[in-house]
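Thanks for asking me to look this one over. Here are my notes, in the order in which I would go through the model with you.

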Amino acid sequence: MKRAIRILPSYYVGIILMIIITYVITGGEYSDIFHLGWLRYFLGLNTVLPSNNYDIWNNRYGYWTMSCFIWFYILAPLIFKFVKSFKSSIVFIGASFGIFAFWKVAVDFIFSRIEGIENLSVTSGGSPFATLYYFAFGIMIYFAVKEGKALIACGISLLFGIAGILIERNSWAWCAITCIIIAIFSLHKLDIKSQTVSRFVKWLSGQSFYIYLAHMMAFNLSLFIVDKFDSLTGSIKYVAWGGYCNFARLCDCRMYEFG
């Protein structure tokens, strides 16, 4: 409930801004095959139900991740009734992959016969249930740190990351790197001597969630503005655009999860 109170108001403000910006930039109406419209985002259903327009109804401004977060918090009380130790967290990782496979097959079976659905495989693969294994690794690290088994968790994460690289699932590698970073910092606390730097890091951590919510909007708005000023030479225009994108992605390291 505390997490919901902290993140949902700013997320809902983000959705409202998203709707306004979408209509300002595109100036069009969009039909939804299930007639939910923007309500999908408010209820976290944008990655649970497929649609006839993936960019608008499933992943506008990268908000598929918020759907995953919302559903994980809903499922968390049930998960932690069964996952109460490092050992059971390993079992849950295996179960999460089973849930992923079941969800993909079920979604494809249920919706593949409906005409007009777009990017069905991508939507089902980015659903809260198909991405549950990322949260499972986070739970593993939590119990590993708590029980003094961080090094074992690092080894498991490393194997997972290597497997991801071998089968060309680079997101697995990023998941593994994140787990290893958390484990390292649990073993070796970062002592920031400067109070100014410490305060800045804490402030940036507190604001990073808003950066995360806004960065894809900023991309679209910036590209829209850039396209309106074609008088600029191509080199200046795209060097500036590339620099901005790289800076925004650097800010999008999701430090709020560590905070």
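1. Let me start with Asp32 and Arg40, which are joined by a salt bridge whose closest N and O atoms lie 2.9 Å apart. By salt bridge I mean a side-chain nitrogen of Lys or Arg within 4 Å of a carboxyl oxygen of Asp or Glu. Both Asp32 and Arg40 are buried; here buried stands for under 20% relative accessible area, exposed for over 50%, and partly exposed for what lies in between (1.4 Å probe, protein chains only).

2. Before going further, a word on the source: this is a predicted model, in which local features need pLDDT of at least 70 and side-chain atom pairs count only at pLDDT 80 or more, while totals for chains, interfaces and linings use all residues. Residues are numbered from 1 along each chain as its sequence is written, and side-chain values use heavy atoms, with hydrogens and water left out.

3. How many salt bridges does the whole structure hold? The search finds three. Another of them links Asp55 to Arg60, with 2.8 Å between the closest N and O atoms. Arg60 is buried because its relative accessible area is 6%, whereas Asp55, at 39%, is partly exposed. Glu147 and Lys149 also meet in a salt bridge, at 3.6 Å from N to O. Glu147 has 34% relative accessibility and so counts as partly exposed; Lys149, at 31%, is partly exposed too.

4. On the overall fold, the chain has twelve helices and zero strands. Helices (H or I, at least four residues) and strands (E, at least two) are DSSP runs, numbered from the N terminus. Of the 259 residues in the chain, 39% are buried. Taking contacts with a separation of 6 or more, 65% are between residues 24 or more positions apart; a contact means heavy atoms within 4.5 Å.

5. Val13, Ile16, Leu17, Ile20 and Val24 make a nonpolar surface patch of about 450 Å². Patches are built from residues with over 30% relative accessible area and no salt bridge, joining like charges within 9 Å and nonpolar side chains (Val, Leu, Ile, Met, Phe, Trp, Tyr) within 5 Å. Val24 sits in helix 1 (residues 2–26) and, with 60% relative accessibility, counts as exposed.

6. The aromatic pairs come to 27 by the rule used here: rings of Phe, Tyr and Trp (its six-membered ring) pair if their centres lie within 6.5 Å, with planes under 30 degrees apart counting as stacked, over 60 as edge-to-face and the rest as tilted. Tyr23 and Trp38 are edge-to-face because their planes stand at 70°, with ring centres 6.3 Å apart. This pair links distant parts of the chain, Tyr23 being in helix 1 and Trp38 in the loop between helix 1 and helix 2 (39–42), 15 residues apart. Trp38 is buried, at 12% relative accessibility.

7. Tyr133 and Tyr134 give a tilted pair, because their planes are at 35°, with the ring centres 4.4 Å apart. Tyr133 is buried at 4% relative accessibility, while Tyr134, at 26%, is partly exposed. One aromatic cluster is formed by Phe69, Phe72, Tyr73, Phe135, Phe209, Tyr210 and Tyr212.

8. Two backbone angles deserve a look. Tyr61 is not a glycine, yet its phi is positive, near 55°. Tyr61 lies in the loop between helix 3 (54–58) and helix 4 (64–82) and is buried, with a relative accessible area of 4%. Asn119 likewise has a positive phi of about 55° without being a glycine. Its loop runs between helix 5 (86–111) and helix 6 (120–125), and Asn119 is partly exposed at 37%.

9. Last, the cysteines. The whole structure has zero disulfides, a disulfide being a pair of cysteine sulfur atoms within 2.5 Å. For Cys154, the nearest cysteine sulfur is that of Cys179, 8.6 Å away. Cys154 is buried, with a relative accessible area of 14%, and Cys68 is buried as well, at 3%.

Technical notes
Areas by Shrake-Rupley, 256 points an atom, 1.4 Å probe, with all protein chains shown as cover.
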